[in-house]
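Dear colleague,

Please find below the structure that I am handing over to you. My notes on it follow directly after the display.

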Amino acid sequence: MQRRAVFNNRILPYFLLLPQLVITIVFFFWPASQAIYQSVLKQDPFGLRTTFVYLDNFQTVLSDPLYIESFQVTIVFSVLVTLFVMSLALLFAVMADRQIRGAQTYKTLLLWPYALAPAVAAVLWMFIFHPSIGVFGKAINSTGIKWDYQLNGAQALLLVVVASSWKQIAHNFLFFLAGLQSVPPAVIEAAMIDGASAWKLFRSVLFPLLSPTTFYLITINLVFSFFDTFGVIHALTHGGPGRSTTTLMYKVYMDGYVNLNLGLSAAQSVILMIIVSVLVWFQFRFVEGKVHYT
Amino acid sequence: MIPKQFRNFPVHLILIVAVIVFAFPVYFAFIGSTWDASTIGRGQMPLTPGPNLVENYTNSLTSARGGRIIGNPVQALLWNSLMMAVAIAVGKIFISILSAYAVAFFKFPLRMFFFAMIFLTLMLPIEVRIAPTYKVMSDLGLINTFAGLTIPLMASATGTLLFRQFFLTIPDEYVEAAKIDGAGPLRFFWSIALPLSRTNIAALFVILFIYGWNQYLWPLLVTTSRDMETIVIGIVKMMGSGEAQTDWNIIMSSTVLALLPPVLVVVLMQQWFVRGLVQTEK
């Protein structure tokens with residue numbers, strides 16, 4: 001799209017674009033190409049010599065059982081977070097969309113967790129679910145169930161899912177609420193006149209009309225669980241116990257910064273780039289065009 | 001028939017439960033910040049506030065040292081986070097409003113090519129390219145500098161897209177009228193486009209402030225010096241591996257101090273926040 005009335009100036013637009021272009025090239029295109037370049041190189045243990053190894057790094061990464069394991073952890077984790085966040089956010093949004101007293105207050109009181117850093121969410125949840133000093137951790141232990149997320153991998157994963165979801169629900173709630181409020185009242189009135197029950201109204205009218213929002217949020221939540229939850233995992237479990245909460249992002253960090261294997265870490269970064277690009281492309285290509293818009 | 005005032009009862013019930021579940025982690029953090037370390041360490045923290053509130057918050061703000069932890073004074077950490085968040089928000093608004101103005105109001109060779117270049121940054125969040133970006137930073141000698149901490153986080157297209165979208169809604173008549181009155185492109189930007197963008201700038205500022213304040217992985221890698229530590233990193237470091245016998249009172253008072261600024265921004269500027277969130281993402 002281009003407007004009709006434009007200014008004629010040969011040099012000025014380039015000057016206006018310059019700051020953003022410089023930052024984009026230096027901190028985006030250069031590193032991204034470096035990642036691709038490094039992912040086909042191998043460094044000797046002393047960092048003195050690098051050799052070109054074709055796709056060896058990718059082969060090493062993809063055939064590494066530890067990598068496959070963290071792939072599985074990431075999938076389980078992301079699916080749980082996405083399901084958990086979206087179902088609760090949708091429930092709250094449908095409730096808060098009703099014309100009830102205090103709707104605006106409820107909205108504010110459900111929105112603020114968005115402001116929290118994932119790592120801060122992790123600190124808060126650790127404090128309540130700590131096995132020996134946490135209010136809930138102690139309560140669970142006193143019922144006879146052995147609760148200790150520092151020893152039990154499944155419990156660690158559960159706690160990471162809960163802390164991440166808690167922070168993310170507010171975001172999804174806002175988008176579902178915006179989606180619901182853009183449904184024309186006439187559509188709802190027509191359904192009511194036809195005698196639709198509240199459930200029927202939701203199932204056959206509101207939910208289909210929300211489908212663009214729903215698909216958009218699936219992408220957003222997957223990207224959130226892949227990357228933004230790094231803070232939760234780093235603060236709460238350090239990827240453990242064992243590797244039960246080591247997601248792909250956490251593994252990139254471990255291999256690149258803690259174990260200093262740049263080639264392998266770069267190959268993992270490139271794999272992550274491909275995954276995200278496919279997700280975003282899928283979002284643009286299929287979802288934007290084919291889902292029902294209001 | 002149920003009387004009208006009770007028909008909404010289940011709705012209120014669900015929402016109230018949701019509000020409580022959302023709030024209780026923060027409630028317990030607050031309670032933890034009002035007791036002493038040994039009460040919490042013995043696992044005997046009551047569910048109501050204790051007597052040590054003033055002492056804990058004073059300690060956090062001025063030294064953040066306890067029997068077990070040696071933290072950074074939280075007032076310094078808060079200052080670092082504030083600087084980082086404001087720099088990211090202002091910097092990104094500045095570069096993106098200029099580039100959006102160029103793309104929307106000028107015709108020039110390679111216009112769409114440059115726009116596509118900026119647009120591509122949407123595809124990869126900084127976390128994905130973090131290892132190579134770190135490499136570039138160390139080549140440029142930007143590790144442990146304020147520029148290194150903030151500038152890479154400005155490389156994203158969201159602001160540019162938002163402003164471009166808005167600039168395209170400014171009627172052509174405005175531009176023509178300005179031209180007849182002899183105003184050049186810079187004058188038009190300063191006197192018309194910029195003032196009209198006020199609400200968009202405010203909305204974007206709120207979103208970017210939260211984004212900047214909550215950064216974790218990037219500051220963790222780029223700042224190793226204690227002087228540059230942000231509040232979020234500082235708290236996680238204080239907590240360590242989360243043993244029972246640590247100064248939970250200080251960790252919790254620091255946590256409450258850390259979450260207050262962004263929560264206040266979201267609550268007090270809710271209108272702009274909602275607008276910014278929905279617009280930058282859609």
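I begin with a loop of chain B: Asn144(B) lies in the loop between helix 7 (130-139) and helix 8 (146-150) of that chain. Please bear in mind throughout that this is a predicted model. Although Asn144(B) is not a glycine, its phi is positive, at about 65 degrees.

Leu110(B) sits in the loop between helix 5 and helix 6 (111-120) of chain B. Is Leu110(B) buried or exposed? Leu110(B) counts as exposed, because it has 12 C-beta neighbours inside 10 Å.

Turning to chain A, its secondary structure consists of 13 helices and two strands. Along the principal axes, the C-alpha atoms of chain A occupy a box of roughly 75 × 75 × 30 Å. Chain A has 294 residues, of which 43% are buried. If one takes the contacts in chain A with a separation of 6 or more, 69% of them join residues 24 or more positions apart.

The two chains meet in a contact to which chain B contributes 77 residues and chain A contributes 73 residues. On the side of chain B that touches chain A, the largest share comes from helix 2 (residues 9-32) of chain B, with twelve residues. Sorted by class, that side of chain B comprises 57 nonpolar, 14 polar and six charged residues.

Finally, the nonpolar core. The largest one has 167 residues, and the residues with the most contacts inside it are Val120(A), Val123(A) and Tyr101(B). Helix 5 (residues 74-105) of chain B gives the most to this core, namely 17 residues.

Which residues does Val120(A) contact once its neighbours within four places in sequence are left aside? They are Val232(B), Ile235(B), Thr255(B), Ala258(B) and Leu259(B).

Yours sincerely

How values were computed:
Residues are numbered from 1 along each chain as its sequence is written. Chains are lettered from A and ligands numbered from 1 in the order in which they are written. This is a predicted model: local features need pLDDT of at least 70, side-chain atom pairs count only at pLDDT 80 or more; totals for chains, interfaces and linings use all residues. Two residues are in contact if their C-beta atoms, placed from the backbone, lie within 7 Å. Helices (H or I, at least four residues) and strands (E, at least two) are DSSP runs, numbered from the N terminus. Ala, Val, Leu, Ile, Met, Phe, Trp, Tyr, Cys and Pro count as nonpolar, Asp, Glu, Lys and Arg as charged, and the others, Gly among them, as polar. A nonpolar core is a set of buried Ala, Val, Leu, Ile, Met, Phe, Trp, Tyr and Cys residues joined through C-beta atoms within 7 Å. A residue is buried if 20 or more other C-beta atoms lie within 10 Å of its own, exposed if 12 or fewer, and partly exposed in between; C-beta atoms are placed from the backbone.
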